[in-house]
Structures are given as C-alpha cells and as structure tokens.
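Walk through this fold one region at a time. Keep the viewer open and follow along.

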Amino acid sequence: MASVVEYKGLKAGYHCGYCASREGKTSCGMWAHSLTVQDYQDLIDRGWRRSGKYLYKPVMNKTCCPQYTIRCRPLQFQPSKSHKKVLKKMLKFLAKGEISKGSCEDEPMDSTMEDAVAGDFALINKLDIKCDLKTLSSDLKGGIESEEKKKENSLKKEGSKELIHPQAIEEKLGSGEPSHSVKVHIGPKPGKGADLSKPPCRKAKEMRKERKRLKLMQQNSAGAFEGFQAQGQPASLLPKAKSNQPKSLEDLIFESLPENASHKLEFTRFLVDSPLEAEYPANGPECGYGSFHQQYWLDGKIIAVGVIDILPYCVSSVYLYYDPDYSFLSLGVYSALREIAFTKQLHERASQLSYYYMGFYIHSCPKMRYKGQYRPSDLLCPETYVWVPIEQCLPSLDNSKYCRFNQDPQAVDEGRSQDLNRLRVLHRRSTMPYAVYKNYQEDPSEEEGVLEYANLVGQKCAERMLLFRN
C-alpha cells in the first residue's frame with residue numbers, strides 16, 4: 001500500500017510554546033491519510049515529525065526557535081552520572097519504597113502539539129519500552145537465587161572456608177546473565193598454626209600467574225571457556241575475571257529485585273491506530289514495524305502511557321503521558337533510557353535498526369537542551385540532511401540559533417527533488433505522474449505548492465507517496 005498525503009502548505013506567524021512568542025512559529029504541514037514506515041523513516045530523516053496524523057516540518061531559517069532533529073546512537077551509549085542516579089532512584093523505590101528527598105528534577109516535557117502545530121493535535125512528547133523485559137528480569141532473579149543455593153550447598157559439603165575476594169568480583173554481563181564471583185583460598189596468618197589439610201598460602205609468583213590467567217580469560221572468554229572444558233573442568237567452575245568496565249545500561253535497568261520488594265513495576269505494549277501502516281517483514285523485529293502504546297503499571301495502577309514508532313532504522317520516541325504524583329521518579333528520563341535499551345534489543349533481531357530518535361533539539365530554548373545529554377548523538381543538518389555529531393554543532397549554535405552543520409560549502413541536498421514530472425498524484429481515485437495530472441490542473445499557480453511539497457519531502461518520497469489532489 002502506498003502512502004497518501006495531503007499537503008497543507010506553509011503556516012506562519014502563530015504561537016510558540018518554547019519562547020512564548022505570539023507570532024514567531026513557522027512550519028509546513030501535511031495530513032497523512034496513510035503512511036508506510038519506510039516513507040516516514042525517510043521523512044524524519046529530512047526534518048519532518050508527526051503529531052497524530054498531522055506531519056509538520058519547521059521552516060528552520062524563519063521560525064523563532066529552530067528545531068533540529070536529534071538521534072542517539074544506542075550501540076555506543078553509556079549512561080551519564082545523572083542517568084545512573086535516576087535508574088538507582090527507581091531501583092531503591094521499587095526495592096525498599098525509598099523516595100529521594102529534595103527537589104525532584106526531571107527533564108521537561110516537550111511542548112504540547114497545540115504549541116507545535118497550533119492545535120491540529122494535542123498530545124505530549126516522549127516514552128516507554130518493551131513488555132517482556134519483565135520476564136527477563138524474573139528469569140534473571142530466579143537464576144541468581146538458584147545459583148546461590150547451589151553454592152551454599154556446595155560449601156557445606158566441602159566444609160572449606162572459601163571467601164569472596166573483594167577485588168575479584170565481576171560485574172554482570174551486558175547480556176543480563178548473573179555474575180559469578182571469583183573465589184580464592186585465604187591461607188592462615190603467620191604464627192597462627194597452619195592447618196595442613198587446607199591449601200597453603202599462595203606465593204607471589206603463583207598469584208601473578210593467576211592474575212595473568214584471569215586477564216587472558218577476560219580478553220578472550222570464549223577461548224578460555226573451551227580451554228577449561230578441554231582440561232575436564234566443569235563450565236560452572238570457570239572463574240571469571242574482574243571487569244574494569246563501568247556498568248552497562250542493561251546492568252542498571254535489569255538489576256534484580258528482592259522477593260519482598262516494596263513495589264512492582266510492569267510493562268505492556270500494544271499496536272495502536274496511527275497513520276503508520278503496520279508491517280511484519282521476516283527480517284524485521286518480532287513485534288513488527290508501526291506505532292505502539294506502552295504502559296507503565298505500578299502495583300496494578302497505570303502511572304504512564306507512551307507512544308513509540310518502530311521504523312526500519314530507528315525507534316522514534318513520540319509522546320508521554322504520566323501521573324504527576326510520580327514525578328519524583330523522573331519518568332521522562334527513565335523512559336528514555338528504557339527506550340534506548342529497547343532499541344539495542346531490537347537491533348539484535350533487525351541489524352539495520354540501530355538509532356533512537358528523540359524528536360527535536362532546541363538549543364535556543366535552555367530547558368530543551370537536555371536531549372543533548374544522551375551521548376553519542378547527532379543533529380540533522382537543515383540544508384543538506386546529513387548527520388553531524390552534536391559536539392561539532394554546539395559551538396555554532398552558541399553563536400547563532402540557525403546553523404548549517406555541514407562544513408562543506410559545496411555540499412548540497414542529495415535527496416532533493418530533481419524531476420517534478422515523476423511525482424505521483426492521486427486524483428479522482430486514480431494514480432498518475434504529475435506530468436499527466438498537469439492536463440487536469442485548472443489553476444496554474446497550483447504548481448508552486450506542488451514544487452514546494454516535492455522539495456520538502458525529497459525525490460524518493462515524491463515518487464513513492466501519493467499526493468492527494470481534489
């Protein structure tokens with residue numbers, strides 16, 4: 001099925017929710033009767049954004065607050081200190097019911113779409129993640145408990161005094177598997193009467209060998225695993241090396257809770273009605289492509305609902321509604337971090353899906369700069385539509401609110417419209433190229449609007465989508 005859109009043209013001089021200007025907002029818009037996920041992917045890569053079925057594109061060099069499309073690279077993402085603080089705050093609340101004292105700072109929500117598109121649709125921006133992550137967390141908790149019971153029984157049978165060395169504790173793997181501590185034998189202190197039935201205190205040379213072996217195992221865990229099995233060592237006894245890497249996002253999100261946790265947070269996800277046509281290709285994510293509502297349930301009570309679009313190359317965060325009574329949990333930040341983790345999970349099934357789109361970055365509005373804290377991230381050049389690392393863009397934005405990020409003065413928009421006659425039109429229930437439609441065109445000035453539309457959506461979309469004309 002082809003996308004069907006109705007171009008609404010330029011709208012200038014209306015209220016801006018970011019700077020409170022009464023007449024500073026300027027954008028172009030179109031109504032999407034239906035939209036394929038590939039067409040929407042290509043449109044947001046040209047600076048478009050949807051609010052319900054209404055699509056809008058800020059006129060960047062004219063609007064009062066230029067809105068730059070921003071995307072995060074989840075595969076290289078590392079949570080900042082403030083991000084970790086939010087995740088730990090949620091964990092403490094769920095585990096012990098603790099509520100952090102002091103101000104409950106959270107990322108501000110984007111302006112309502114009433115501000116963004118002057119009332120065409122009123123929703124709020126951002127949000128959530130996949131429902132079966134709860135199952136993964138439960139399995140992880142059960143695995144840890146089972147492993148601990150086995151260790152405890154084993155120690156009772158052996159009657160040994162093995163201790164866990166504080167410097168040899170491995171952090172959990174990014175895959176969500178439980179960690180296994182490295183155990184070392186601690187010999188008796190000099191003059192205390194050694195027990196010859198127990199292993200003697202190891203010499204420095206032996207300890208150096210042990211450290212070297214652990215280091216090699218850390219560098220090539222697969223090879224070390226096979227080596228131990230070749231020597232007849234059970235896989236469960238394979239010691240793991242200390243990791244100096246910081247905890248991954250998954251480590252922090254999927255950390256198991258005690259059985260007597262004070263609260264229970266659950267997630268549900270379901271496909272929703274939107275202009276995006278749901279698709280289920282064999283090489284795509286298991287849930288398919290399209291728009292999804294996501295719900296946060298706390299102890300059986302819904303506290304937040306969000307929308308995400310799952311597209312061929314990205315997860316696009318759309319809107320978030322949340323109960324203000326739970327603003328102390330920083331749900332805006334928490335949901336974004338879970339969406340980033342979800343994008344990485346989808347990438348495992350659909351390798352081309354590797355970006356997380358956060359909507360618009362508005363440097364001229366200080367309260368909207370928070371999206372730049374999710375690194376690494378890129379901003380879309382408003383003239384050539386190439387992605388540029390945000391670090392390279394910020395100095396220019398400090399000097400001017402509108403900037404061309406592409407530093408090559410010869411670079412042009414490679415996806416621009418180059419042949420208007422090949423644009424597709426839906427007229428009187430028939431599809432035709434624009435070259436044919438011109439024969440039915442009664443108003444010669446109509447071509448100016450068609451050309452404007454073609455330049456904004458680009459040649460690929462102009463040839464695939466159907467422009468409705470009546």
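Helices (H or I, at least four residues) and strands (E, at least two) are DSSP runs, numbered from the N terminus. Residue numbers start from 1 along each chain as its sequence is written. This is a predicted model, in which local features need pLDDT of at least 70 and side-chain atom pairs count only at pLDDT 80 or more, while totals for chains, interfaces and linings use all residues, and side-chain values use heavy atoms, with hydrogens and water left out.

Start with the interior. In soluble globular proteins, nonpolar side chains tend to be buried together. Here, a nonpolar core is a set of buried Ala, Val, Leu, Ile, Met, Phe, Trp, Tyr and Cys residues joined through side-chain atoms within 4.5 Å. Buried means under 20% relative accessible area, exposed means over 50%, and partly exposed lies in between, using a 1.4 Å probe and protein chains only. The largest such core holds 94 residues. Met30, Leu43, Tyr374 and Leu423 have the most contacts inside it. Helix 8 (residues 331-349) supplies the largest share of this core, nine residues.

Contact means heavy atoms within 4.5 Å. Five of its five residues are buried, so strand 4 is largely enclosed by the rest of the structure. In a regular strand the side chains alternate between the two faces of the sheet. Tyr54, Tyr56 and Pro58 point one way from strand 4, and Leu55 and Lys57 point the other way.

Which strands pair with strand 4? Two strands pair if DSSP finds at least two bridges between them. Strand 2 (residues 25-34) runs antiparallel to strand 4, over five bridges. Cys28 has Lys57 as its bridge partner there. Strand 3 (residues 49-51) is also antiparallel to strand 4, with three bridges. Ser51 is bridged to Tyr54. Strand 3 and strand 4 form a hairpin with two residues between them. Gly52 in that turn has a positive phi of about 65 degrees.

Follow the chain onward to Cys65. Cys65 has a relative accessible area of 3%, so it is buried. Beyond its neighbours within four places in sequence, Cys65 is in contact with Cys16, Tyr18, Cys19, Ile362 and Ser364. Cys16 is 49 residues away along the chain, and the C-alpha atoms of Cys65 and Cys16 are separated by 8.0 Å.

Strand 5 and strand 14 run antiparallel and are joined by three bridges. Cys72 has Ser377 as its bridge partner. Ser377 and Leu379 point one way from strand 14, Asp378 and Leu380 point the other way, and all are buried. Strand 14 also pairs with strand 15 (residues 387-389), antiparallel and over three bridges. Leu379 stands opposite Val388 in that pair. Six residues lie between the strands of this hairpin, and among them Tyr385 takes a positive phi near 55 degrees.

Next come some backbone exceptions. Most residues other than glycine have a negative phi, and most peptide bonds are trans. Arg375 and Pro376 are joined by a cis peptide bond, with omega about -5 degrees. Pro376 is in the loop between strand 13 (355-361) and strand 14.

Asp299 has a positive phi, near 50 degrees. Its loop lies between strand 10 (290-298) and strand 11 (301-310). Is Asp299 buried or partly exposed? Its relative accessible area is 43%, so Asp299 counts as partly exposed. Ser330 also has a positive phi, near 50 degrees. Ser330 lies in the loop between strand 12 (314-322) and helix 8. At 0% relative accessibility, Ser330 is buried.

Finish at helix 8. Two packed helices are described by the angle between their axes and the distance between the axes. Axes are lines fitted to C-alpha atoms, for helices over the stretch in contact, and angles run from 0 to 180 degrees between N-to-C directions. Helix 2 (residues 81-96) packs on helix 8 at about 100 degrees, with the axes 10 Å apart. Angles under 35 degrees count as roughly parallel, over 145 as roughly antiparallel, 65 to 115 as roughly perpendicular and the rest as oblique. Helix 2 and helix 8 are therefore roughly perpendicular to each other. His83, Val86, Leu87 and Met90 of helix 2 meet Leu331, Val333, Tyr334 and Leu337 of helix 8. This contact has seven nonpolar residues, one polar and no charged. Ala, Val, Leu, Ile, Met, Phe, Trp, Tyr, Cys and Pro count as nonpolar, Asp, Glu, Lys and Arg as charged, and the others, Gly among them, as polar.
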